Amino acid sequence: MPTVLDENITYLKGVGPNKANVLASELNIKTYGDLLFHFPYKYVDRTKFYKLNELNPQMNFVQVKGKISSYEMVGEKRKQRLVVKFFDETGSVKLIWFKGAKWIAEKLKINSDYIIFGKPTLFNQEINFTHPDLEEAQAHENKMSFNLQAYYPTTEHMKNKFLNSKAIHTMILSLMPKVVANIRETLPAYLIKQYKLLYLNEAIENIHLPKSNDLLQKAQFRLKFEELFYVQLKIFRLKTYQSTHYKGFRFEKVGEYFNNFYTKQLPFELTGAQKKVIKEIRRDTNTGSQMNRLLQGDVGSGKTLVALMSMLLAIDNGFQTCLMAPTEILANQHFKSIQELVEPLGVTVGLLTGSKKQKERRILHEDLLNGNLKILIGTHALIEDMVKFANLGFVVIDEQHRFGVAQRAKLWKKNIHPPHVLVMTATPIPRTLAMTLYGDLDVSVIDELPPGRKPVTTVHYYDSKRLRVFGFIKEQIKLGRQVYIVYPLIKESEKMDYKDLEDGLESISRAFPIPEYSISVVHGKMKPAEKDKAMELFVRKQTQIMVATTVIEVGVNIPNASVMIVESAERFGLSQLHQLRGRVGRGADQSYCILMTGNKLTDVGRKRIETMVRTNDGFEISEVDLKLRGPGDIEGTQQSGIPLDFKIANLAKDTQILSFARQIAEQIIEKDPKLEHSDNAILKRQMELKWKYEFNWSQIS
Ligand code: ADP
Ligand code: MG
């Protein structure tokens, strides 16, 4: 049933059709309700008054009480401006208006009390205010039932149409009394009572027109909580749905393959963290429910081995397994190293990528269907419908952030019951984001690197120091080490622009001439077979330098390479830089990461470089990344299907509220998985309203 909140914004006092159009096109505000949910982004304390002799141009918006001593129109017709002399007992300043000057001049009263509000600026050594808010002191006092004035996000276009923050504030002032009683509560009474939350109407009122600092904070808390809470509720409902709906394959025994691998093939001791995660997976795969587990572990922490041993466990129990990687290079690398490790045990391994020939594919398909092939490794080629397994029981997705939920879902369908799924990522994501993005997954963490690794030393050089860097490369090559030199791509696609790489390659070839040096080149325009060949030469130490684009960013594991040079490092994101750095430091030698940049750095660019130089800790880096970019831009978030464009909550800052919301959502779903209890009727209604038009989660599962 429509309420006053559904009323068209055109009818609000002072709006009208023109402004309504602007509001709709710029901010998607069409109704009274939309306006109420357009929240301020900051508040200015209007209890504080300054004296004119306290002002300086570094100050933000300030408020001053004083009187007008004189005013005049200055300049010719179109350039006319109004200059007002304003004073208090400590001094005087000029107030200037370029627009609407006449209209303002007509109302000015000499020697009566005014309050001005604006930003002090310096002009000809004097303090000026351009276009300040000007109000008679009496009128101001009558109106100020609250002291914190809200500021609203607006756009340039809106300002040109006289829809600035103040105009929105005025609209809110006239709207609030009309509607505040009609705001329908959206959280159940028991939650509000138990956690002493504000009611929605109190929260809305105080978010716009705060009666006190305390109420403003409570309002913010309530609204942020609600946003985060409903996302978590959705996640837990999905998770419960999955675990009650699907039967999981039971891996009851630890058999020969696993044991033989452990005793005969394993080239080193497992780290404590690896053992812990393998135990978690063993436990999960023997409960009768399907496992959905995220394995987070920094670059080089040894995730592949954990995946492989879990796969052997599946094979011991009569199942097939597959491992999907985001690039061909990585799929190839996994194929080779895994084949080497398990073929002596009699486990068959296959490779399926886009470049496989039809004939080879046909053989693979057959071997999969008749169950001969136990491990299939590949790129997303392996989710194609044609790829059918006899009995797929365990799926690994490497570098999961490169894939979307939809791809994960496709693998689910490769058997009558969904296989167990292990997704792995080395792109550490902040806890808050993990709870939201991967909230339906259980999380394992490898928080320990294999012994003997030395932390990579990271330094920043400007391009002008290139010769010095080349000298350093030569020294390292003399010591028998290998070097990566990586160039950015303008656009990440298979057919990409690689001009930077071409130019760079020329100067590198000159500085490192044949036959003393040899260089491998890998970029996205090359055919997979060529890439493979170039990689292979580098792996076999026949080349000392690998010049590449970011195709080598993820997963590549060549322990003898100990220097990573990143060209135009300012053009890479933090998680990319961290991934690239992760390509070195994999052997016993001291490794180096050298970030080359131009002389001009943006603030954000500089902050990224500084962060990389300061720390090797992937989680710390991801926190900085989230603060710099906002959650919507973090890799992997777009395809997630989970809305991250919160109106008021901020995943970079509201960690505690999120944990709180998550805990409560979990408790509720545990007690009432389908939200059928009458106390939870509001929750059910809101869930239906909120997610009605979205991606249907239960369908993908
Ligand atoms: P990532 O977690 O980045 O995928 P990898 O699985 O590629 O890391 O492992 C990185 C390197 O560490 C590989 O060379 C691997 O063989 C080695 N490694 C893995 N586990 C151990 C261990 N327990 N002890 C020593 N080396 C290990
Ligand atoms: Mg890896």
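In this predicted model, an oxygen atom of ligand 1 lies 2.7 Å from an N or O atom in the side chain of Arg 453. The protein buries 84% of the 570 Å² that ligand 1 exposes when taken alone. Another side chain, that of Lys 303, places an N or O atom 2.7 Å from an oxygen atom of ligand 1. Gly 302 contributes a polar backbone atom, 3.1 Å from a ligand 1 oxygen.

The shell around ligand 1 comprises 4 nonpolar, 7 polar and 5 charged residues. Of these 16 residues, Glu 269, Gly 300, Lys 303, Thr 304 and Arg 453 come nearest.

Glu 269 also forms a salt bridge with Lys 275. With the protein chains alone as cover, Glu 269 counts as exposed at 60% relative accessibility, while Lys 275 is partly exposed at 33%.

The model has 23 salt bridges, including the following.

| Salt bridge | Closest N and O atoms |
|---|---|
| Lys 67 and Asp 113 | 3.1 Å |
| Asp 654 and Lys 224 | 3.1 Å |
| Glu 269 and Lys 275 | 3.5 Å |

Lys 67 in strand β2 (residues 62–74) and Asp 113 in strand β5 (residues 113–118) are 46 residues apart. Both are partly exposed: Lys 67 has a relative accessible area of 28%, and Asp 113 one of 44%.

Asp 654 is buried at 8% relative accessible area, and Lys 224 is buried at 17%.

Salt bridges also link Lys 336, Asp 532, Glu 536 and Arg 540 in a network.

Note on methods: Residues are numbered from 1 along each chain as its sequence is written. Chains are lettered from A and ligands numbered from 1 in the order in which they are written. This is a predicted model: local features need pLDDT of at least 70, side-chain atom pairs count only at pLDDT 80 or more; totals for chains, interfaces and linings use all residues. Side-chain values use heavy atoms; hydrogens and water are left out. A residue is near a molecule or strand if one of its heavy atoms lies within 4 Å of it. A polar contact is a pair of N or O atoms within 3.5 Å; within protein, one must be able to donate a hydrogen and the other to accept it, and residues adjacent in sequence count only if both atoms are side-chain atoms. Accessible areas come from the Shrake-Rupley method with a 1.4 Å probe; for residues, only the protein chains shown count as cover. Ala, Val, Leu, Ile, Met, Phe, Trp, Tyr, Cys and Pro count as nonpolar, Asp, Glu, Lys and Arg as charged, and the others, Gly among them, as polar. A salt bridge is a side-chain nitrogen of Lys or Arg within 4 Å of a carboxyl oxygen of Asp or Glu. Helices (H or I, at least four residues) and strands (E, at least two) are DSSP runs, numbered from the N terminus. Buried means under 20% relative accessible area, exposed over 50%, partly exposed in between (1.4 Å probe, protein chains only).
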